[in-house]
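Here is a short briefing on one protein chain. Start with the overall fold, then turn to the details.

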Amino acid sequence: MGSVRIGIDIGGTFTDIVVLEENSGALTIAKVSSSRENPAAALLDAIDRGLERASVNPTDVSLVVHGTTIVTNAILENKLPKTSLLTTEGFIDILEIGRHFRPDMYDLQQNKPEPLVPRNRRFGVKERTDAKGNVLLKAIPADLMSSLREIERNGSQAVAICFLNAFANSENEETIEALVAQHLPNLSISSSFQVCREIREYERTSTVVLNAAAKPLIEDYLGQIGPRVRRRLPSASILLMQSSGGSLTIDAACSYPARMITSGPAGGALAVQRLSKQVRGQTLLGFDMGGTSTDISLIDKGNLQMTMEGSICQLPVLLPMIEINTIGAGAGSIAWLDTAKGLHVGPQSAGAEPGPVAYDKGGTEPTVTDANFILGRLDADRFADAGLLLNLSAARRVLEKRIAAPLGMSVEQAAAGILRIANANMERALRLSSAEKGYDPREISLVAFGGAGPMHAAALARETGIGTVVVPAHPGVFSSLGLVLSDIRHDFAQTRVLRVSAIAPDEISVIFHDLEQKATAALEADGVPDDHRAFHRSADLRYLGQAFEVNVPVPDGPISVETISQTLDLFTERHLQLFAHKNPGRDIEFVSFRLAAIGVMNTPPVTLDKTTRAGSTPKEYRPVYFDESKDFLKTAIYDRSVLTPGSKFEGPAIIEQIDSTTVVHPGQSVQTDQFGNLLISTRTN
């Protein structure tokens, strides 16, 4: 009896599922429409569709890995449950004070984002710990009883606890956490010593508040789907993808929901990292264009690029995340005119409900998908698998009314303009994630995935100077494949500012030893056996006088003078790449020490399902519009399922498959490699 894994990624328009049979490596894919109001229903529909298509017995499924946007959407839509904050007396306004940074330095009228916890739900606690961890004033539970009664009256569903310098000594936080749990047992509680043990009070408080506010949501969501999934898949373990690229058990996810803010996009970055092994460690730029947004991630010679401080809605999140640049540009992005008749695309999206006009589900605004359909790049039959029948005449009518007629141009010209603007938005994001971070685009390959990524990638690569586009075998569900091949991961950090000129290796050894003990306990709680555990050390360093740090790996083995020297060399190299300068005469500080605890999952090989081998003969021709010619060209249409390794042909061409469509422009060429990837050369002949 074979073991089966399932990966499910709930996107804004479609919910994707992959079913991977471990023994054979056979991969089955499916898509269903997402439901913004009921994501659990879409998840269960996806499981049913995937099992039916794969002809798999539900009892054979051993693992389900799920990427969810429930936390992200709640933050974006300001639908988080009521939360109260307990913090050190005198610091209750830290969420409003924040930092002096201005998103737009020239806008004198801009407003800061509203704090997640309003002032009437923030309470000061008489306690104090200094920066070295000395408790100067112990928290007295009796002093807090009136605040707890007010929290009970104000209808809060969660409480965040974040005291000054608790990263250095959590004694007072632990005392108050126990008190809150005793007197308010029905509320979700998050304390900073559990969630984030790092410096920077504003960022740490923001992170803990986000975690606390998301707790009731994720507990309710997982409380719904857990039992229902187990009824369908009685032998399956359920894991949730987190922003750092590892997965969490349900219990860990309920405790640390802030770790899942970029849950879905992280799966795509993991899949790109896996692909890098096939292309011999090249630097890859992941380009994931879905229905509502585009996510861009850089994989440097097989290594994920991590950030130790992300953000969402201008709110800092002081947790490790894969560095992903997300913009509001997707296949469902709406095209609209401003008062001066300037054409814009996004960030508003038609999503899955009602979706693009061509979906014929009640959409009334033209989208990128409608423009692609009008220009001949999409075939209506390809959407039948997702239960959609595209309506070309409806798409043309709306585009004529909303865009073409007001601008005095043809429908085709308006559609081409929509694609140019959408591509310009994404082109800026690609440059931000590559050239502006010190990487030469000529040495990068662009990996196109998501339902719409392969349609736009070849044009974007040409404009940004990238010579090769890689389209994986199943681009439309590529993020789900990354989910199903992910490892369990926990991240631990401890701030301790140590100047290199006065540091002793033993000091660092003790810190990492303490972190490893916590990491080992976490993996034991997850049931990860000893021989499947791995630990990766890193540290945040800065030049003396700098305000922010650069994270670099700490070499394996005992901490010694040589280990510290190697770490400093890595810091100098990384600082030079990021900021184009280094300061060899300046003293350096270690600021925070980090340990990633990995529960290594066995990774089965993935085989391609090739039932037909018919070379590279087009199945038909149809007219498709290309900007290069400013007209429709006779274009070869290929069925990807029949392309063999080594197949080669020239553009213009359209390559269709069940989960995506690839566009090859005039003058470009494409071939299929031994792994089934399409390699598009964007340099015109």
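Buried means under 20% relative accessible area, exposed over 50%, and partly exposed in between (1.4 Å probe, protein chains only). By that cut-off, buried residues make up 57% of the 685 residues in the chain. This is a predicted model: local features need pLDDT of at least 70, side-chain atom pairs count only at pLDDT 80 or more, and totals for chains, interfaces and linings use all residues. Residues are numbered from 1 along each chain as its sequence is written, and side-chain values use heavy atoms, with hydrogens and water left out.

**Overall fold**
- The chain has 16 helices and 35 strands; helices (H or I, at least four residues) and strands (E, at least two) are DSSP runs, numbered from the N terminus.
- The radius of gyration is 26 Å, close to the 26 Å that the globule rule gives for 685 residues, so the chain is as compact as a globular protein of that length.
- That radius is taken over C-alpha atoms, and the globule rule is 2.2 Å times the number of residues to the power 0.38.
- The C-alpha trace spans about 80 × 60 × 55 Å along its principal axes.
- Among contacts (heavy atoms within 4.5 Å) between residues at least 6 apart in sequence, 68% join residues at least 24 apart.

**Nonpolar cores**
- A nonpolar core is a set of buried Ala, Val, Leu, Ile, Met, Phe, Trp, Tyr and Cys residues joined through side-chain atoms within 4.5 Å.
- The largest has 63 residues, and Leu 285, Phe 287, Leu 399, Met 426, Leu 446, Val 469 and Ile 655 have the most contacts inside it.
- Helix H12 (residues 411–433) gives the most to this core, with ten residues.
- A second, separate core has 57 residues, including Leu 20, Leu 485, Ile 503 and Ile 508.

**Helix H13**
- H13 covers residues 453–464 and reaches 15 Å from its first C-alpha to its last, close to the expected 16 Å, which is 1.5 Å times one less than its number of residues.
- Ten of its twelve residues are buried, so H13 is largely enclosed by the rest of the structure.
- Among the buried residues are Gly 453, His 456, Leu 460 and Thr 464.
- Just after H13, Gly 465 takes a positive phi of about 85 degrees.

**Thr 88**
- Thr 88 sits in strand E5 (residues 83–88).
- Thr 88 is buried, with a relative accessible area of 0%.
- Residues touching Thr 88 include Gly 124, Arg 128, Cys 162 and Phe 163, not counting residues up to four places away in sequence.
- The Thr 88 side chain makes a polar contact with the side chain of Glu 127 (2.4 Å).
- A polar contact is a pair of N or O atoms within 3.5 Å; within protein, one must be able to donate a hydrogen and the other to accept it, and residues adjacent in sequence count only if both atoms are side-chain atoms.
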